[in-house]
Structure formats: structure tokens, C-alpha cells
Amino acid sequence: MFKKIVGGEVLQSRPDVKTILRGFAGGFLGIIVLLLITRLYGVVSIMAPLGATCVLLFAVPKSPLAQPRNIIGGHLISTLIGLLTMNLFGDGMLPIAFAVGASIALMQLLRVVHAPAGANPLLIIMSGMTNYSFLLTPVLIGSVLLVIIALVINNIGIGTRWPCYWFGYQLSISKRKIKSKKE
């Protein structure tokens, strides 16, 4: 057992300055846009788990957890489970634990795992949230806006490309064109 818990892998290399600056710029722009929309338009567009979403979007954008379907789908599913659990069973220890576990299982089943979304049921149940409009704002609006910002930030420069996929299919138009020309 001890051999399993001591590690053994190599620490990842330090990112280059460009990658660090992209992480800073993405995190800054993502959060400031959500805060500005909240302040200027009175539409709540921010919640704490979206800060963690920024970490994935701008520090490890190639991760499966940082793809649009995972971000939007993961946040929506875990929020819905949190709201359903709160409305049906209240805010006890068992409902909270159930909601987190159920969120993880459903995100896995639907292939939309997004780690920050695992906090949504905690946020909802511990704050006593019962209004299903929370699904629209801040969850849907906030996650979609972060994806839009990531589309800009993560595609600046030569050799960058994000997302890796949208709905589970890699759309490689240039490869398709080459294949069809050969045939």
C-alpha cells in the first residue's frame, strides 16, 4: 500500500512566460467581465466556482475538464442536482453529501466532468438556494461568458487552438478537405 501513496511521477515543468501571462489575462478578464455585468446590468453572473473554472480554462486549457461541454454541462448538471436536492430534502448533511456524489456520478455518465462544478451543490444547499433561476443566472450566463472569453484568450498567437472539442467530436475541417481531394 505504501508504494501506491508515495507518488513517483515527475513534477510538471514550469510554464513559459507567455503561458503564465495568458493565465493571468484570462483569469483577470473572465472575472472582471462577470463582475461588470453583475454591477452594470444587475444580472448576477458570478459565483465562487467560476473562479476555479478560470484556473482550468486559462492554466490547463487542453484538459478535458476545460472544454466547453464540460464547463457548461458540468455546471448546469451539478446546479440542477443541488437545487433538486435542496428543494426535495433540505439542507442536512446527508442531502449535501448525496448532491455532491450524485453530481459527480451524473457528470461522469454524461461525460461532462468539470471539477469546479462539484462545488455547486455545496454552494446551493449551504446558502439555502431554492430558486431554479439560479440555473440561468449566474450558472449558464457565467459559464457561457467564460467560454466566450476563453475562445479569444486561448486562441491568441500562432500555434494555439482551443477548444479541443465542442460536443465530443474533433472537427478537423482541413483534414477532411485533404482526404476528399485525394479521393
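In what order do the elements of the protein chain run from the N terminus on? They run α-α-α-α-α-α-α-α. The legends below describe a predicted model.

**Figure 1. Overall view of the protein chain, with its eight helices.** The C-alpha trace spans about 60 × 55 × 40 Å along its principal axes. The chain has 183 residues, and 34% of them count as buried.

**Figure 2. Close-up of a nonpolar patch on the surface.** The patch is formed by Phe24, Phe28, Leu29, Ile32, Leu35, Leu36, Leu40 and Tyr41. Together these residues have about 840 Å² of accessible area.

Figure 3. Phe24 belongs to the nonpolar surface patch, alongside residues including Phe28 and Tyr41. Is Phe24 buried or exposed? Its relative accessibility is 58%. The cut-off for exposed is over 50%, so Phe24 counts as exposed.

**Figure 4. Close-up of the packing between helix 3 and helix 7.** Helix 3 spans residues 48-59, and helix 7 spans residues 136-153. Their axes lie 11 Å apart, at an angle of about 25 degrees. Helix 3 is therefore roughly parallel to helix 7, because angles under 35 degrees count as roughly parallel.

**Figure 5. Close-up of the crossing of helix 3 and helix 7.** Which hand does the crossing have? Helix 3 passes helix 7 in a right-handed crossing.

Conventions
Residues are numbered from 1 along each chain as its sequence is written. This is a predicted model: local features need pLDDT of at least 70, side-chain atom pairs count only at pLDDT 80 or more; totals for chains, interfaces and linings use all residues. Side-chain values use heavy atoms; hydrogens and water are left out. Patches are made of residues with over 30% relative accessible area and no salt bridge: like charges are joined within 9 Å, nonpolar side chains (Val, Leu, Ile, Met, Phe, Trp, Tyr) within 5 Å. Accessible areas come from the Shrake-Rupley method with a 1.4 Å probe; for residues, only the protein chains shown count as cover. A salt bridge is a side-chain nitrogen of Lys or Arg within 4 Å of a carboxyl oxygen of Asp or Glu. Buried means under 20% relative accessible area, exposed over 50%, partly exposed in between (1.4 Å probe, protein chains only). Axes are lines fitted to C-alpha atoms, for helices over the stretch in contact, and angles run from 0 to 180 degrees between N-to-C directions. Helices (H or I, at least four residues) and strands (E, at least two) are DSSP runs, numbered from the N terminus. Angles under 35 degrees count as roughly parallel, over 145 as roughly antiparallel, 65 to 115 as roughly perpendicular and the rest as oblique. A crossing is left-handed if the near helix is turned anticlockwise from the far one by less than a right angle, and right-handed if clockwise.
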